[in-house]
Every structure is written in C-alpha cells, then in structure tokens.
Amino acid sequence: MKIVEVQSRMFQALVREELAAHRNLLRHISTQIWDHPETLYEEFFAHDLLTSVLETHNFQVEAKFGGISTAFRAECSSKNFNPRIHHTVGIICEYDALPVIGHACGHNLIATAGIAAALVLKRLLKSDNTNDHPEVNGKVVILGTPAEEGGVGKLRMLKKSAFAGVECAMMVHPFPSNDLKPLALGINDLQVEFYGKSAHASCGPWDGKNALDGAIAAYNHFSLLRQQIPHDHRIGCTIAHGGTTPNAIPEFAKLSFLVRAQKQADLHVLTEKVTRCCEAGAEAAGCSVDVKNTLPPVCGILHNEVLCDLFQHYAAGEGILFSSKPSDFYGSTDMGCVSAAIPSIHPCYAIGKAIMIHTEEFREMARTEEAFDKTLSAAASLAMTTLHLFRNSNDMLRAKAEFLATRSAFLGKDIENFNFTENL
C-alpha cells in the first residue's frame with residue numbers, strides 16, 4: 001500500500017506538471033470555444049480547433065466521425081499496448097452551445113477538461129519505463145460529441161460504433177456545486193398534433209372542431225396529473241401552435257412535451273399517461289390527435305459506483321470534495337445513453353459561485369480564470385482515475401461486473417436498444 005501511495009504522488013506531480021506546461025494552450029481552447037458559440041451540429045469552429053490540437057500532438061484523429069460533420073474520435077496508446085491484457089478508457093468532450101444564450105452550460109470547459117486529460121495521458125502512455133515514472137500501458141480514446149443540447153449526439157455516435165473497444169467512459173461537467181452522481185433523468189421528446197375543422201369564428205363556430213380546445217384540454221389534463229407523479233418525474237410543455245387568426249376556429253394545434261423520469265420503465269409509463277391525456281383532450285374537442293417522438297428517448301445516467309469511488313478519491317487530492325447527500329439535480333443529458341452501453345461517470349464540479357446552469361450569469365462565469373483553474377483540477381482527476389484503471393486491472397473488471405449486474409433493472413425492456421459495443 002505504501003508503494004501505491006508513493007507512485008500515486010509521483011503520478012500526481014507529473015499530471016500537474018503536464019497541465020502547467022499546456023496551460024496557455026488549454027486556456028486558449030476554453031476562451032476560443034466560449035467566444036465562438038455554436039449550436040447543435042453547427043460546431044465547426046470547435047471541431048476544427050480540437051482536432052487540430054490533437055493532430056498537432058500526434059493523436060490518431062478521425063475528424064467528422066461517422067459522417068457527422070462536427071464529431072470526432074482520437075486515440076493514443078502505449079507502445080506495448082495489447083487489447084487482450086491492457087485497457088481502453090474513453091474521455092468525452094462536449095462543445096455545443098445553447099441558442100441565443102451561448103455557453104451557459106459551460107461546454108467550453110468540458111472540451112477543455114477532455115483535451116487536458118488527453119494531453120496528460122499521452123505523455124504517460126508514450127514514455128517508456130524511465131526514472132521519472134513506471135511504465136504505463138493502455139489506450140485513451142477522446143470522443144468529440146456534438147449536439148448534447150437537444151441533438152442526442154452521443155446516441156448517434158454509439159450507433160456509428162464510435163465507442164467500439166472502449167471499456168468505460170468518463171466526462172466532467174461544470175456546475176454550481178460539486179455533485180459526484182447528478183440525478184440526470186431520462187427524457188422523451190414528444191410532439192403532439194391536434195387536427196380539427198376550420199369554421200368562421202363568429203358566423204358559424206358550430207360547424208368547426210376546435211383543435212386548440214383539444215390542446216388546451218390535454219394541457220389541463222396533464223397539469224392535474226403532475227400532482228400525482230413521483231418527485232423524480234417531470235413534465236414540461238409549450239403550445240407550439242395555436243391557430244392563425246382569432247376569426248377562424250383553429251383546425252390545427254400543436255403541443256411540445258419533454259417527459260422525464262430516471263428509469264426507462266418509469267419513462268415509458270409516464271409517457272403513456274401523457275399520451276392518454278392528449279387523447280382525452282382530443283376526444284373532448286371532437287378532434288383527432290397524433291403523438292410522435294421527434295428524437296429517440298434519452299436514458300437517465302446509470303452511475304458506475306466503482307468508477308465514482310475512484311474519481312472521488314483522486315478528486316479529493318485536487319481539492320474537489322463531494323457531499324454525501326443525494327443529488328438534487330434533475331436535468332437530462334445524452335451521456336445517459338453512453339452509461340447504458342458501457343460503465344460511465346458524469347461528475348459535476350463547482351466553478352465559482354452557486355449560480356444555476358443555463359443562465360447568463362453562469363455563461364459569464366464559464367469564461368473566468370477561476371472556472372478555468374477548477375477545470376484543470378477536474379481534468380487532473382480524470383487523468384488520475386484513468387491512470388488508475390490502466391494500472392489496476394481488477395478495478396476495471398469490478399466496474400464491468402457492477403455494470404452488468406445493474407443495467408438490466410435500470411433499462412428494463414430497453415436493454416436491447418443499447419447493445420452497441422462488445423467490450424464487456
């Protein structure tokens with residue numbers, strides 16, 4: 001145990017040294033992506049910047065991965081890497097921004113953390129057994145995943161085999177507080193269209209079938225449903241279309257729903273209840289209704305406890321301390337799809353004041369020097385956790401065993417939808 005601790009301190013010093021050596025480059029990455037906010041599948045500047053940096057540092061880079069113009073996959077392995085005895089870890093970069101508000105979710109920092117960890121690990125993997133540190137064998141795969149904000153980019157990349165050969169995946173996310181296991185919910189994006197019959201609103205309203213009435217009745221139905229759903233379920237809705245003129249009975253109306261629950265089985269049940277509310281509203285107004293998904297459902301996150309424990313241990317060495325109280329975060333992310341396919345973690349780290357994400361205040365904070373410094377600490381934690389897995393095969397095997405033991409209950413009947421890899 002004493003030898004392990006000595007080596008851990010040695011590697012920690014090397015990680016910090018490498019981060020310091022690349023500090024100016026990493027700060028440039030963070031500020032440039034922040035200064036050039038790009039929304040889902042339009043992240044051309046960020047894609048080109050990140051792939052250029054990785055190519056310059058001799059990573060094997062596949063730009064525009066799988067025909068997705070703003071996705072990439074890059075890798076680096078040790079000279080003696082053997083996939084039968086050594087391990088492959090995936091580190092995820094996000095870099096898309098929100099419409100109008102820009103990098104209010106801090107994805108410029110996520111990209112920076114991923115590249116920072118990659119540069120650190122490359123040095124350790126490409127060094128032979130020398131006096132500065134023991135030999136490290138393994139492969140790191142850096143995945144540039146676009147369109148987290150509403151485009152399900154990671155699910156598209158899973159389907160295109162971007163994660164093939166990757167045994168576990170990790171990323172970090174800036175946040176108002178440190179949260180080791182954020183309670184990210186699965187999400188179902190529904191578009192509900194109501195079809196009625198137009199008529200003159202004054203001369204002959206009785207000849208019409210009011211599609212807007214059907215939509216409003218449906219809205220009232222699921223508003224009543226909200227009081228009887230569990231605390232980790234959510235229903236959000238907007239009226240996307242309610243007619244064109246008040247002088248005509250609306251023949252068409254549209255609701256946009258986001259239905260959320262942590263487990264896939266619960267998400268299916270809640271979606272069915274919302275669907276029945278819409279059908280009841282349409283029936284009351286004498287209209288027809290069409291309920292459809294515009295995007296594939298996204299899973300909640302299945303946090304791997306083995307990997308979480310390792311990250312927590314090394315994060316503590318970087319000054320990132322996590323509370324033992326349960327998470328109170330109820331957002332959603334397509335990282336859940338990755339966690340359904342391979343063992344994964346998605347810890348959040350505080351970057352300054354306790355300001356909620358997706359706000360202008362958080363956007364401004366994501367460009368500060370303080371946020372950048374905290375991102376380097378998170379990147380060091382990623383690098384140390386990955387290094388541990390390279391050097392401690394039993395812990396990788398424990399993470400896989402836990403994943404296989406827990407995913408069936410988490411996914412239910414959806415388990416077959418996430419068998420994209422053969423790594424386990």
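Select Phe72 first. In this predicted model, Phe72 has 0% relative accessibility, so the residue counts as buried.

Look at the two rings together. By the ring-distance rule, the structure has five aromatic pairs. Phe72 and Tyr95 make a stacked one, with 6.0 Å centre to centre and 10° between the planes. Phe72 belongs to strand β2 (residues 72-77) and Tyr95 to the loop between β3 and α4 (107-126), so the pair ties together parts 23 residues apart in sequence.

Next, show the sheet. Six strands form an open sheet in the order β1-β2-β4-β3-β5-β11, and the pairing is mixed. Go to its edges: β1 (60-63) and β11 (344-345) each have a single partner strand, so one side of each is left without a neighbour in the sheet.

Select β3 (residues 88-93) and β4 (residues 139-144). These strands run parallel and are joined by six bridges. Find Val89; opposite stands Val140 in β4. Then bring in helix α11 (residues 369-391). The helix lies across β3, β4 and β5 (168-170), at about 165° to β3.

Move to another group of rings. Tyr219, Phe222 and Phe257 are linked into a cluster by ring pairs. Both Phe222 and Phe257 are buried. Their ring centres are 4.8 Å apart with planes at 65°, so this pair is edge-to-face. Phe222 sits in helix α6 (residues 211-225) and Phe257 in strand β9 (residues 252-261), 35 residues apart.

Finish with two arginines. Select Arg156: its charged end sits over the ring of Tyr41, 4.9 Å from the centre. Then select Arg234, which lies over the face of Tyr330 at 4.4 Å from the ring centre.

Conventions:
Residues are numbered from 1 along each chain as its sequence is written. This is a predicted model: local features need pLDDT of at least 70, side-chain atom pairs count only at pLDDT 80 or more; totals for chains, interfaces and linings use all residues. Side-chain values use heavy atoms; hydrogens and water are left out. Two strands pair if DSSP finds at least two bridges between them. Helices (H or I, at least four residues) and strands (E, at least two) are DSSP runs, numbered from the N terminus. Contact means heavy atoms within 4.5 Å. Axes are lines fitted to C-alpha atoms, for helices over the stretch in contact, and angles run from 0 to 180 degrees between N-to-C directions. Rings of Phe, Tyr and Trp (its six-membered ring) pair if their centres lie within 6.5 Å; planes under 30 degrees apart count as stacked, over 60 as edge-to-face and the rest as tilted. Buried means under 20% relative accessible area, exposed over 50%, partly exposed in between (1.4 Å probe, protein chains only). A charge sits over a ring if NZ of Lys or CZ of Arg is within 6 Å of the ring centre and within 35 degrees of the ring normal.
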